[in-house]
Each structure stands twice: as C-alpha cells, then as structure tokens.
Amino acid sequence: QVQLVESGGGLVQPGGSLRLSCAASGGIFSINAMGWYRQAPGKQRELVAAITSGGSTNYADSVKGRFTISRDNAKNTVYLQMNSLKPEDTAAYYCNAGIQYYSGGYYIAHWGQGTQVTVSS
C-alpha cells in the first residue's frame with residue numbers, strides 16, 4: 001500500500017527557513033509529477049510548487065523566488081526548501097504524487113497526511 005510521509009514542518013519566525021520532505025513508499029512502479037499544496041484555515045487548498053519526473057518545476061506566484069522544490073527519484077522523495085517565510089505562508093502543507101503501480105498502468109494521485117507550518121514571531 002502506497003504511503004506518502006511528510007516531515008519538516010514547525011514553528012518559525014518571519015524571515016526564517018524550513019525544509020519539508022515527503023517520502024513515498026510501498027508498491028511503487030514509477031512516479032510522474034510530485035508537488036506540494038497548502039491549506040490555511042478557511043481557505044481552499046492551493047498548489048505551492050510541482051516538479052515532473054524530468055525536473056521541470058512550477059511555482060505559485062506568491063512563493064516564486066523564496067521556495068524551491070526538488071526531488072530524488074532514487075528515493076521517491078520530494079523536498080520543499082522554504083526561505084524568507086512570511087506569516088501568510090502559515091498553513092498545513094500536503095505532499096501529492098502521481099503513482100503508477102505497474103508498467104502501463106494509470107497514474108493515481110496520492111496525498112500525504114499534511115505537516116503544519118506556522119510563521120509567527
């Protein structure tokens with residue numbers, strides 16, 4: 001059974017940095033796109049950053065120049081380096097991955113359980 005396990009969230013002061021990790025495991029043949037989403041209280045979940053298996057990236061305008069997404073395909077892991085954090089970055093951050101269970105199969109979207117990021121002085 002596929003699992004996505006996130007880590008690295010926490011409390012940080014404005015201007016600080018955090019690095020999130022998300023490791024996928026269990027019955028994986030291949031992974032195409034991986035990404036990070038976030039959801040603040042009372043708001044819809046939004047895409048923060050995404051990366052393809054080939055390394056192409058996409059960012060929300062609000063995080064461009066501050067956040068960097070990367071992945072280690074050998075470890076089925078995606079990272080989100082967050083610098084110059086702002087209070088408005090406070091949210092639960094969720095990892096997402098499109099996972100193929102066998103050759104020629106469909107890619108199925110999977111979600112992690114979420115990790116809280118709080119930016120506050």
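Reply: Start with the disulfide's handedness. The torsion about the S-S bond of cysteine 22 and cysteine 95 is about -80°, so this disulfide is left-handed. The model is a predicted one. The sulfur atoms of cysteine 22 and cysteine 95 lie 2.1 Å apart. The structure holds one disulfide.

Now its place in the chain. Cysteine 22 belongs to strand β3 (residues 18–25), and cysteine 95 to strand β9 (residues 91–100). The pair therefore ties together parts that are 73 residues apart in sequence. Are the two ends buried or exposed? Cysteine 22 has a relative accessible area of 0%, so it is buried. Cysteine 95 also comes out at 0% relative accessibility and counts as buried. The cut-off for buried is under 20%.

Next, arginine 38. This residue sits in strand β4 (residues 30–39). Its relative accessibility is 6%, so arginine 38 counts as buried. Which side chains does the arginine 38 side chain meet in polar contacts? One is that of glutamate 46, at 2.7 Å. Another is that of aspartate 89, where the polar contact is 3.0 Å.

Leaving aside neighbours within four places in sequence, arginine 38 is in contact with residues including Gln44, Arg45, Val48, Ser62, Val63 and Phe67. Also among its contacts are Glu88, Ala91, Ala92 and Tyr93.

Arginine 38 leads on to the largest pocket. Arg38 is one of the residues that line this pocket, and Glu46 and Asp89 are also in the lining. Other lining residues include Gln39, Ala40, Lys43, Gln44, Ser62 and Arg66. Glu88, Thr90 and Ala91 are among the lining residues as well. The space in the pocket is about 160 Å³. By residue class, the lining divides into six charged, four polar and two nonpolar.

At 21% relative accessibility, isoleucine 28 counts as partly exposed. That class begins where buried, under 20%, ends. Isoleucine 28 and glutamine 1 are 27 residues apart in sequence, with their C-alpha atoms 8.7 Å apart in space. Not counting residues up to four places away in sequence, isoleucine 28 touches Val2, Asn76, Ile99 and Gln100.

Terms used. Residues numbered from 1 in each chain as written. Predicted model: local features only at pLDDT ≥ 70, side-chain atom pairs only at ≥ 80, totals over all residues. Heavy atoms only, no water. Helix = DSSP H or I, 4+ residues; strand = E, 2+ residues; numbered from the N terminus. Buried < 20%, exposed > 50% of the residue type's maximum accessible area, 1.4 Å probe, protein only. Polar contact = N/O pair within 3.5 Å; in protein donor to acceptor, adjacent residues only side chain to side chain. Contact = heavy atoms within 4.5 Å. Disulfide = S-S within 2.5 Å. 1 Å grid on protein atoms, 1.4 Å probe; cavity = no way out; pocket = protein on both sides within 12 Å on 5 of 7 lines; lining within 4 Å. Points joined across faces, edges and corners; volume = space filled by probe spheres on them. Nonpolar A, V, L, I, M, F, W, Y, C, P; charged D, E, K, R; others polar.
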